[in-house]
Amino acid sequence: MITGSSCFCGWSTVPPRDLCIKCKRKMEPAEFAEVGEVLTYTTENVVPEGFKPPLNLAMIRLVGAPKILCMVENGKWLQIGKPAEVEQRGGLFYARPLTFIGKVAGFVKRSIEILKRRNKDEKSTTGKGITG
């Protein structure tokens, strides 16, 4: 999951923020799915120091969430509207094409996280987990 913030007014953002840029209210922590679609992309051949050309960048809209600027290691797959999977590494976001295996792995990962949260919530209200 990707950590960010969401606001009562409907605005959401990654990375997390304390205050909403639209309504100035306090934002709440939020987690967003690691999948989305390519909104736009570019390939830069003249790059900042520390990067090797070509530098592929893509703007990805996460499902039900904000847009994220991502680096793309192999830009041959980039196409507007194409499904993408986003991963955070070392403070940077990377996008890759969403494959069937990626969909299954994402589903399993999200399911485990949901079950863990439910188990934690169940323990906090009853003193027992789902299994016990």
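Strand S1 (residues 2-6) and S2 are joined by two bridges and run antiparallel, where strands are DSSP runs of E with at least two residues and helices are runs of H or I with at least four residues, both numbered from the N terminus. Within this pairing, Ser12 in S2 is the bridge partner of Ser6. The model is a predicted one, in which local features need pLDDT of at least 70 and side-chain atom pairs count only at pLDDT 80 or more, whereas totals for chains, interfaces and linings use all residues. Residues are numbered from 1 along each chain as its sequence is written, and side-chain values use heavy atoms, with hydrogens and water left out.

The S1 and S2 strands belong to an open sheet of three strands, ordered S2-S1-S3 with antiparallel pairing, two strands being taken as paired if DSSP finds at least two bridges between them. At the edges of this sheet stand S2 and strand S3 (28-32), each of which pairs on one side only. Thr13 is placed in strand S2 (residues 12-13) and counts as buried because its relative accessibility is 13%, the class of buried residues being those under 20% relative accessible area, with exposed residues over 50% and partly exposed ones in between (1.4 Å probe, protein chains only). Leaving aside residues up to four places away in sequence, Thr13 touches Gly4, Ser5, Met27, Phe32 and Pro66, a contact being heavy atoms within 4.5 Å. Thr13 and Met27 are 14 residues apart along the chain, and their C-alpha atoms are separated by 9.5 Å.

A further antiparallel pairing, made by six bridges, links strand S5 (residues 55-62) with strand S6 (residues 67-72). Ile60 stands opposite Ile68 in S6, and in the hairpin of S5 and S6, with four residues between the strands, Gly64 takes a positive phi near 65°.

Along the sequence, the protein follows the pattern β-β-β-β-β-β-β-β-α, with eight strands and one helix. Phe100 lies in that element, helix H1 (residues 100-126), and counts as exposed because its relative accessibility is 66%. Together with Val104, Val108 and Ile112, Phe100 forms a nonpolar surface patch with about 380 Å² of accessible area, as computed by the Shrake-Rupley method with a 1.4 Å probe.

Among contacts with a separation of 6 or more, residues 24 or more positions apart account for 38%.

Conventions. Patches are made of residues with over 30% relative accessible area and no salt bridge: like charges are joined within 9 Å, nonpolar side chains (Val, Leu, Ile, Met, Phe, Trp, Tyr) within 5 Å. A salt bridge is a side-chain nitrogen of Lys or Arg within 4 Å of a carboxyl oxygen of Asp or Glu.
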